[in-house]
Amino acid sequence: MSRGLCRYAFGENVKILDSTLREGEQTPGVVFSEDWRIRIAKALSDAGVHMIEVGDPNVAPDIRSAIAKIVAMKRDGEIAGEIVAHSRSVKADIENAASLEPDRVAIFYGVSDVHLKHKHRKSREEALSIIAEHVEFARSHGVRVRFTAEDATRADPDYLIQVVKTARDAGADRVSIADTVGILTPERARRLFAEVKEAVPDVGLDIHAHNDLGMAVANSLAAVEGGADVVHTTVNGLGERAGITPLQTFAAAYYYHKGVKLIDLTKLPYLASLVEAASGVAQMPTFPVTGDNAFTHKAGVHQAGVLASPETYEPFPPEVVGRTRDFSLDKYSGRKAVAHRLERLGVKVDEEVLGKLVEELKSTNARRLRDEDLLEMLEKITGMRYRAQVNKHIEAYVWVKVDENVYTTSVARRIMAIRGVTGVGEVTGEFDIVAKISAENAEELNRIIEEVRAVKGVKSTLTNIILKQLS
């Protein structure tokens, strides 16, 4: 595979934390049932996600119940990866979260002057004391602790370093730098993480990038360049307001630039559809990697280029992320794309017919032609039938097994005499006879099948109804 020339010095041992079950459920209108929470956690584990943030058990009883079951599944080996429970910097909340025995409890506190003044009403010094006290309290319960510096990217950088040192000294082995309102740029992200890492080298750094300005993926990649070793994501980019870094996009981008598959990329389409179903939030067709159009080519120039060599218009083969290539057919399409689609449908035409079909295609204003539409055009041009025909009455095959001591041909002749049976053949294999039946309705079909079963020597039958047939 041809990859882009990477200008960046990516960090080593980068891991993904997925927060679909916590941040993702903070998407307006999204509520996961307990069953969906467990299914999503299992799917994330199966994909190889390193850390799964399963939610805050203090929010609601059903969330607590689901977290308890997920922790038990981890204990029983059904789920891998680190299980992270979320909590406010409140002792009762921390105690509740720790009582479920997750691998880690993540507590958060706002550290920007905006949060300190308007939300917490605390001074910087008071905030440092609160952070130390609650990290120590969480750590005393025997779980690993991550401290999240909420709104860290709008905090004074020197104060932020004090916050990170305070959390580390109190027992946190990880600190999450949260770009809570999504105002970072890649260069600022790289520089900020480099500065924090240099000042506090002995603590792990997470990047939690919101997507308010559409730069969450870029900022996450840049944070890794600066020293972050865990990236927070959600499937389909769910989360507060514009969401956070989408799992699919970050994982695929990291693979393209670094050549490293952080997780099983072929599981991304399933994860995307699973969370789409659970959340009720549909992906845009243009969503990167897993959107319907991500590997679908429309313009004739693009289609011809991809047919000649896929790398002309694709960053990597779609199979890498569990997808397949497709071509949209409409008035923009050229001869090569139309011929390719016909070939896929098992239809071969000469150049003259192909030319007429392309002309017909370009005279339409349909947004997107289905295979059925293309074959209908071809039928109009050639006068031949190409489409599968839906039967206006019922047709079926009845497979017949004959008793061992009965002459098969005699049974076949009796079946052939039944009204509605249009053909009979003796066959090899599990069954001895196959009969084709034509009936006007289900009642008549049932009558014919009963007559077949009543023939002397018939041991058993199996019926297959024909849905469509090709001429």
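In this briefing, Ala, Val, Leu, Ile, Met, Phe, Trp, Tyr, Cys and Pro count as nonpolar, Asp, Glu, Lys and Arg count as charged, and the others, Gly among them, count as polar. By these classes, the lining of the second largest pocket has eight nonpolar, eight polar and one charged residues, whereas the lining of the largest pocket has five nonpolar, eight polar and eleven charged residues.

The structure is a predicted model, in which local features need pLDDT of at least 70 and side-chain atom pairs count only at pLDDT 80 or more, while totals for chains, interfaces and linings use all residues. Residues are numbered from 1 along each chain as its sequence is written, and side-chain values use heavy atoms, with hydrogens and water left out.

**Pockets**

- Rolling a probe the size of a water molecule over the atoms shows where empty space is left.
- The largest pocket holds about 440 Å³ of space, where grid points are joined across faces, edges and corners and a volume is the space filled by probe spheres set on the points.
- Its lining comprises 24 residues, and R22, E23, Q26, H86 and F108 are the ones that lie nearest the centre of the pocket.
- The largest share of the lining, three residues, comes from β5.
- In the second largest pocket there is about 210 Å³ of space.
- This second pocket is lined by 17 residues, and N211, G237, A242, P246 and F287 are the closest to its centre.

- E23 is placed in the loop between β1 (15-18) and α1 (34-46).
- With a relative accessible area of 2%, E23 is buried; buried means under 20% relative accessible area, exposed over 50%, and partly exposed in between (1.4 Å probe, protein chains only).
- The side chain of E23 makes a polar contact with the side chain of H208 at 3.1 Å, and reaches the backbone nitrogen of E240 at 2.9 Å.
- A polar contact is a pair of N or O atoms within 3.5 Å; within protein, one must be able to donate a hydrogen and the other to accept it, and residues adjacent in sequence count only if both atoms are side-chain atoms.
- Not counting residues up to four places away in sequence, E23 touches H208, H210, T234, L238, G239, E240 and I244, contact being defined as heavy atoms within 4.5 Å.

**Helix α5**

- Helix α5 (residues 124-139) has 16 residues and should span 22 Å at 1.5 Å a residue, which agrees with the 23 Å between its end C-alpha atoms.
- The expected span of a helix is 1.5 Å times one less than its number of residues.
- The buried residues of α5 are A127, L128, I130, I131, A132, H134, V135, F137 and A138.
- These buried residues pack against α3 (91-99), β4 (104-110), α4 (113-120), β5 (144-150) and α6 (157-170).

**Positive phi values outside glycine**

- R121, in the loop between α4 and α5, has a positive phi near 55° although it is a residue other than glycine.
- R121 counts as exposed, at 67% relative accessibility.
- V289, in the loop between α10 (268-279) and β9 (296-297), also has a positive phi, near 75°, in a residue other than glycine.
- V289 is buried, with a relative accessible area of 10%.
- Leaving aside neighbours within four places in sequence, V289 is in contact with Q248, T249, A252, L268, A294, F295, V321 and R323.

**Two further buried residues**

- H297 belongs to strand β9 and counts as buried at 7% relative accessibility.
- Beyond four places in sequence, the contacts of H297 are Q303, V306, Y313, E314, R325, D326, F327 and S328.
- V14 lies in the segment before β1 and is buried, with a relative accessible area of 7%.
- Leaving aside neighbours within four places in sequence, V14 is in contact with H50, V224, A228, D229, V231, Y254 and L262.

Terms used: Helix = DSSP H or I, 4+ residues; strand = E, 2+ residues; numbered from the N terminus. 1 Å grid on protein atoms, 1.4 Å probe; cavity = no way out; pocket = protein on both sides within 12 Å on 5 of 7 lines; lining within 4 Å.
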